[in-house]
Amino acid sequence: MMKKTFILSLAFVSVFGLLSCGGNKGEEEAAQEEPKNAVDALQQFADNAKEMGDKKTVDPIDFRELKALLPETTAGLKRTEATGEKTGAMGFTVSMAKGSFGNDAGGSIRIEIVDTGGIAGMATMAMAAWSMADIDKETSTGYEKTTKIEGYKAFEKYDNEGKNGEINVLVADRFVVNVHGDNVSVDQMKESIKDIDLGKLADLK
């Protein structure tokens, strides 16, 4: 019960952290709308949390199967490292594969593929809290938004000035794919997502 409460708390913090900024609206207007947004987010979180919390835990798959999904090259960048591991602590177990990619111009992309099967829906609420809410935010240099990629829930964040960002995709309410980019375009990051067979990932058991 303590584990479940801890993960729920992490998810609440993540959701409201993402919603803490009011986009490109005036401060007064944002302040007036914030309570409504928070209430809506809480209700949406509660509805999704119940559904995810009911999911059964399963043994996470061998990290080598996740590692096999990492491309050799992506978005014009060559893979420089590929690692995988299965880790557990306090009764939680996850499998993860990581790939690092780079080019001579200083561009870099990191891909992470995580199987949360060992802690099922509760872990997903902590690792992909953005999937519980609708986010659409713009700043003077970039944006954050929830969206869909190849039919899967996703979160997109990019800073045009710094040329860095991330894309996160939730697959089959169990696998989380994270793409982090530095000195690359958002289109390159999206290309990296396409270089991963999400359909094959969803079918892994």
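## A walk from the ring pair to the core

Start with the aromatics: there is one aromatic pair here, counting rings of Phe, Tyr and Trp (its six-membered ring) whose centres lie within 6.5 Å. Before you click, note that this is a predicted model, where local features need pLDDT of at least 70, side-chain atom pairs count only at pLDDT 80 or more, and totals for chains, interfaces and linings use all residues. Residues are numbered from 1 along each chain as its sequence is written, and side-chain values use heavy atoms, with hydrogens and water left out.

**Stop 1: the rings.** Select Trp130 and Phe155. Their ring centres are 6.4 Å apart and the planes sit at 25°, so this pair is stacked (planes under 30 degrees apart count as stacked, over 60 as edge-to-face and the rest as tilted). Trp130 is in the loop between α4 (120-127) and β5 (136-138), while Phe155 is in strand β7, so the pair ties together parts 25 residues apart in sequence. Helices (H or I, at least four residues) and strands (E, at least two) are DSSP runs, numbered from the N terminus. Both Trp130 and Phe155 are buried; buried means under 20% relative accessible area, exposed over 50%, and partly exposed in between (1.4 Å probe, protein chains only).

**Stop 2: the cores.** Now select Ile113, Val169, Leu198 and Leu201, the residues with the most contacts inside the largest nonpolar core, which has 30 residues. Such a core is a set of buried Ala, Val, Leu, Ile, Met, Phe, Trp, Tyr and Cys residues joined through side-chain atoms within 4.5 Å. Elements giving it two or more residues include β3 (92-102), β4 (108-115), α5 (186-194) and α6 (198-203). Phe155 turns up again in a second, separate core of six residues, which also includes Ile135, Leu170 and Val176.

**Stop 3: the charges.** The model has seven salt bridges, each a side-chain nitrogen of Lys or Arg within 4 Å of a carboxyl oxygen of Asp or Glu. Select Asp115 and Arg174, which meet at 2.6 Å, N to O. Asp115 is in strand β4 and Arg174 in the loop between β8 and β9, 59 residues apart. Where do they sit, buried or exposed? Asp115 is buried at 0% relative accessible area, and Arg174 is buried too, at 14%.

Next, pick Glu144 and Lys137: their closest N and O atoms are 3.6 Å apart, and both residues are buried.

Finish at Arg79 and Glu72, a salt bridge at 3.2 Å, N to O. Arg79 is partly exposed at 26%, and Glu72 is exposed at 56%.
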